[in-house]
Amino acid sequence: MKKDLLKLLDLTREDIEKILNVGDQMKYNQKHGLPHNYLQGKTLAMIFEKNSTRTRVSFETGMYQLGGHPIFLSGKESQIGRGEPIEDTARVLSRYCDGIMIRTFAQEEVEQLAKYSDIPVINGLTDFAHPCQVLADLMTIRERMTRLEGLKLCFIGDGNNMANSLIVGGLKCGMEVSVACPEGYDPDARVLDFAKAEGGAKFSLVRTPEEAAQQADVVITDVWASMGQEVEAQKRRAAFTGFQVSDALMKLANPGAMVQHCLPAHRGEEITAEVFEAHAQEIFDEAENRLHAQKAVMYLLMNGGES
């Protein structure tokens, strides 16, 4: 694997499968009380410029379970929030810590952090990509469906960081991927270029949820207004009318189709309360798997995969 996890575009299918396999083992170890303190004595700096529940708790808990120590750095309380250049932060943290996780807005900030860092950098979320979440999604799908190759994944909603990473991760793992977005809310052009070149007939971008959901094995959605887009919330509600995962939409998917949502969910907007509760076990398995997938990433990057 590469030194960092910045976006799934940087990984090969083999890289992704290795993370998922190690994630499965991490989950088994944790469920059976088997020691796996592979990062004993190591520290992870966690930079948060966006608020978080799942990202902070899963990384902090995961680092503790691996025997290491997480250090929380908020944008408001650290020198980053006071304008220290990201390259200086990278060089300082490289002298103290063994890895950096950052949750921020601009992908360019994560790329710059990695450029100047001598230690692994993990993207906990940017406006462009959410690789750790999608690794957890793929892990959950594979757990329930026993495979990824040949399954159809559909995403309903905004062409945001989740859509970007699901397209890349799904196609790299041999899935068919169909995305339904209103015009003006498409995934990033770089991702669409990748999908066109690598996915071919396995990828489609459509304008109606009904078309995307036809014979889907996995139906995924996300909020219509992501963090930082609150001022657009009313405009987005209008634009995304009809882009809801409902019982009627699920009837177009294959029998036994899964539902995934990265959370938090706005019941009654992107997903009905009925569908959410009917698939709650899958959705919260997905949330739990953030812990196991990220432990795999930290282990592989910060310890070279050596126990």
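Which residue of β8 stands opposite Cys154? In the predicted model described here, that residue is Val219. Because the model is predicted, local features need pLDDT of at least 70, side-chain atom pairs count only at pLDDT 80 or more, and totals for chains, interfaces and linings use all residues. Residues are numbered from 1 along each chain as its sequence is written, and side-chain values use heavy atoms, with hydrogens and water left out. Helices (H or I, at least four residues) and strands (E, at least two) are DSSP runs, numbered from the N terminus.

The strand β8 belongs to an open sheet of 5 strands in the order β7-β6-β5-β8-β9, with parallel pairing. Two strands are taken to pair if DSSP finds at least two bridges between them. At the edges stand β7 (203–206) and β9 (258–261), each of which pairs on one side only. From one strand to the next, the twist averages 20°; angles run from 0 to 180 degrees between N-to-C directions, and axes are lines fitted to C-alpha atoms, for helices over the stretch in contact. Strands of a sheet pair through backbone hydrogen bonds, either parallel or antiparallel.

Strand β5 (residues 152–156) runs parallel to β8 (residues 218–221), and 4 bridges join the two. In this pair, Ile156 stands opposite Thr221.

Helix α5 (residues 131–145) lies across β5, β8 and β9 and runs at about 160° to β9. Helix α6 (residues 161–172) touches β5, β6 (176–180), β7 and β8, and its direction makes about 160° with that of β6. Contact means heavy atoms within 4.5 Å. Two packed helices are described by the angle between their axes and the distance between the axes. For α6 and α7 (189–199), the angle is about 15° and the axes are 10 Å apart. The two helices α6 and α7 are therefore roughly parallel to each other, where angles under 35 degrees count as roughly parallel, over 145 as roughly antiparallel, 65 to 115 as roughly perpendicular and the rest as oblique. The crossing of α6 and α7 is left-handed; a crossing is left-handed if the near helix is turned anticlockwise from the far one by less than a right angle, and right-handed if clockwise. At this contact, Asn164, Ile167, Val168, Leu171 and Lys172 of α6 meet Val191, Phe194, Ala195 and Gly199 of α7.

The loop between α7 and β7 holds Lys202, which is partly exposed, with a relative accessible area of 37%. Although Lys202 and Glu176 are 26 residues apart in sequence, their C-alpha atoms are 4.6 Å apart in space. Leaving aside residues up to four places away in sequence, Lys202 touches Glu149, Leu171, Gly174, Met175, Glu176 and Val177. The side chain of Lys202 reaches the backbone oxygen of Gly174 at 3.5 Å.

A further open sheet is formed by 4 strands in the order β2-β1-β3-β4, with parallel pairing. Its edges are β2 (69–74) and β4 (121–125), each with a single partner strand, so one side of each is left without a neighbour in the sheet. The twist in this sheet averages 20° from one strand to the next. Strand β3 (residues 99–103) is joined to β4 by 4 bridges and runs parallel to β4, with Ile100 opposite Val121. Helix α12 (residues 280–302) packs on the sheet, touching β1 (43–48), β3 and β4, and its direction makes about 160° with that of β4.

Helix α1 (residues 13–31) packs against α12 at an angle of about 115°, with the axes 8 Å apart. This angle makes α1 roughly perpendicular to α12, and the crossing of the two is right-handed. Residues that meet across this contact include Ile19, Val22 and Met26 in α1 and His292, Ala296 and Leu300 in α12.

In the loop between β4 and α5 lies Thr126, which is buried, with a relative accessible area of 0%. Contacts of Thr126, not counting residues up to four places away in sequence, are with Thr104, Phe105, Ala106, Gln107, Val110 and Asn161.

Terms used. Buried < 20%, exposed > 50% of the residue type's maximum accessible area, 1.4 Å probe, protein only. Polar contact = N/O pair within 3.5 Å; in protein donor to acceptor, adjacent residues only side chain to side chain.
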